[in-house]
Amino acid sequence: MKKDRTLVDLQKLSKHFTLPGGKVFRAVDQVSLTIDSGVTLGLVGESGCGKSTVGRCLLRLYSATGGRILFEGRDITAFSRGRLEYARCVQAVFQDPYGSLNPRMRIKDIITEPMLVQGASTGQERRKRAEELVDVVGLKPDHLRRFPHEFSGGQRQRIAIARAICLKPKFIVLDEPVSALDVSIQAQILNLLMDLQDDYGLSYLFISHDLSVVEHISRNIAVMYLGRIVEQAAREVLFKDFRHPYTEALLSSVLPADPRLPALRFLPEGDAADWDFQDKGCLFRNRCPRALPICSNEVPELVEISPGHRVACFQTAGS
């Protein structure tokens, strides 16, 4: 069986922010992940866990505090020259289809703006590309003359997707791309993204707090809690053989598709840990009813318990 080629490799990526008073906020702390060509990695967790910060580091909107981001084997954290070259390969679709489009620009100009920024196209080439892309994402040619306020949320997200694929990228960061849409529209956008992946061989980082959505589109899933990855596995493994208590808590919030199946009933206690927890032990220990004494003193390492299945939990490591 042919092994997938690694496209993106995060190696102990960290992003810290200094708050007033000098306290350090570790939004992302020692995160290691790989994304293969043509594959979707789902990144899930509660709001504020650092998912979007990982995406912004990949997009070079944030500079990493530590670690490395390798793209096709090249360290992009060291890029200075060639940044536009990287921008051609990596694009983004953001959560808010209303705020991510310039209200003063026509759709034709929004979709082809990346070509204009790259400076290697004529007006005729941009018009032709815009006509191709609206057809690809399920819109009509006459839509190119309109402005964003004339479209629904789902249509606006299709426009954002058309803009993202304008330069024929290899990798797209999808940051909560369907969370602002109605459920029926969510399915349409997810199916469009999967079709585009098949047609163009795209790789996705799909960021979401909704496990049912992530299950639908992702081959591999990483679970993030307060800046760290606590579990990662293939989709089929994670949903059937999860090992971290936080993963169990997330799955407990999702009703089973088959009403005859019993629902999980594990709910975490209390609130998310204060960031002062970071150097003292497991971040989830104050919410975990099965915490061990060692959880208060040592930080669990993310270890591989079976091929492709990694968990950061002392209970799993000791079982």
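A polar contact here is a pair of N or O atoms within 3.5 Å; within protein, one atom must be able to donate a hydrogen and the other to accept it, and residues adjacent in sequence count only if both atoms are side-chain atoms. This is a predicted model, in which local features need pLDDT of at least 70 and side-chain atom pairs count only at pLDDT 80 or more, while totals for chains, interfaces and linings use all residues. Residues are numbered from 1 along each chain as its sequence is written, and side-chain values use heavy atoms, with hydrogens and water left out.

1. Gln-197 and Thr-40. A polar contact of 2.9 Å joins the side chains of these two residues, Gln-197 and Thr-40. Gln-197 sits in helix H6, residues 183–200; helices (H or I, at least four residues) and strands (E, at least two) are DSSP runs numbered from the N terminus. The relative accessible area of Gln-197 is 10%, so the residue is buried (buried means under 20% relative accessible area, exposed over 50%, partly exposed in between, with a 1.4 Å probe and protein chains only).

2. Overall make-up. The chain has ten helices and twelve strands. Of its 319 residues, 48% count as buried. Among contacts between residues at least 6 apart in sequence, 63% join residues at least 24 apart.

3. The cavity. One cavity of 30 Å³ or more is counted. Of its 14 lining residues, the closest to the centre are Pro-245, Cys-282, Cys-288, Cys-295 and Cys-313. The lining divides into ten nonpolar, two polar and two charged residues. On the terms: a cavity is a set of points, on a 1 Å grid over the protein atoms alone, where a 1.4 Å probe fits but cannot get out, and lining residues have an atom within 4 Å of a point. Grid points are joined across faces, edges and corners, and a volume is the space filled by probe spheres set on the points. Ala, Val, Leu, Ile, Met, Phe, Trp, Tyr, Cys and Pro count as nonpolar, Asp, Glu, Lys and Arg as charged, and the others, Gly among them, as polar.

4. Gly-281. This residue, Gly-281, is in the loop between helix H9 (245–252) and strand S11 (303–306). Its relative accessible area is 0%, so Gly-281 is buried. Gly-281 and Val-299 are 18 residues apart in sequence but 4.3 Å apart in space, C-alpha to C-alpha. Leaving out neighbours within four places in sequence, the contacts of Gly-281 are Arg-228, Cys-295, Ser-296, Asn-297, Glu-298, Val-299 and Pro-300.

5. Helix H3 and His-143. Helix H3 spans residues 107–118, and its buried residues include Ile-107, Ile-110, Ile-111 and Met-115. Just after H3, Gly-119 takes a positive phi of about 70°. His-143 is placed in the loop between helix H4 (123–136) and helix H5 (153–164). His-143 counts as buried, at 8% relative accessibility. Beyond its neighbours within four places in sequence, His-143 is in contact with Ile-107, Phe-151 and Gln-155. The C-alpha atoms of His-143 and Ile-159, residues 16 apart in sequence, are 9.8 Å apart.

6. Glu-72 has a phi near 55°, a positive value in a residue other than glycine. Glu-72 lies in the loop between strand S4 (66–71) and strand S5 (74–75). Is Glu-72 buried or partly exposed? At 29% relative accessibility, Glu-72 counts as partly exposed. Leu-226 has a positive phi near 45° and is likewise a residue other than glycine. Leu-226 lies in the loop between strand S9 (220–225) and strand S10 (228–234). Leu-226 is buried, with a relative accessible area of 9%.

Note on methods. 1 Å grid on protein atoms, 1.4 Å probe; cavity = no way out; pocket = protein on both sides within 12 Å on 5 of 7 lines; lining within 4 Å. Contact = heavy atoms within 4.5 Å.
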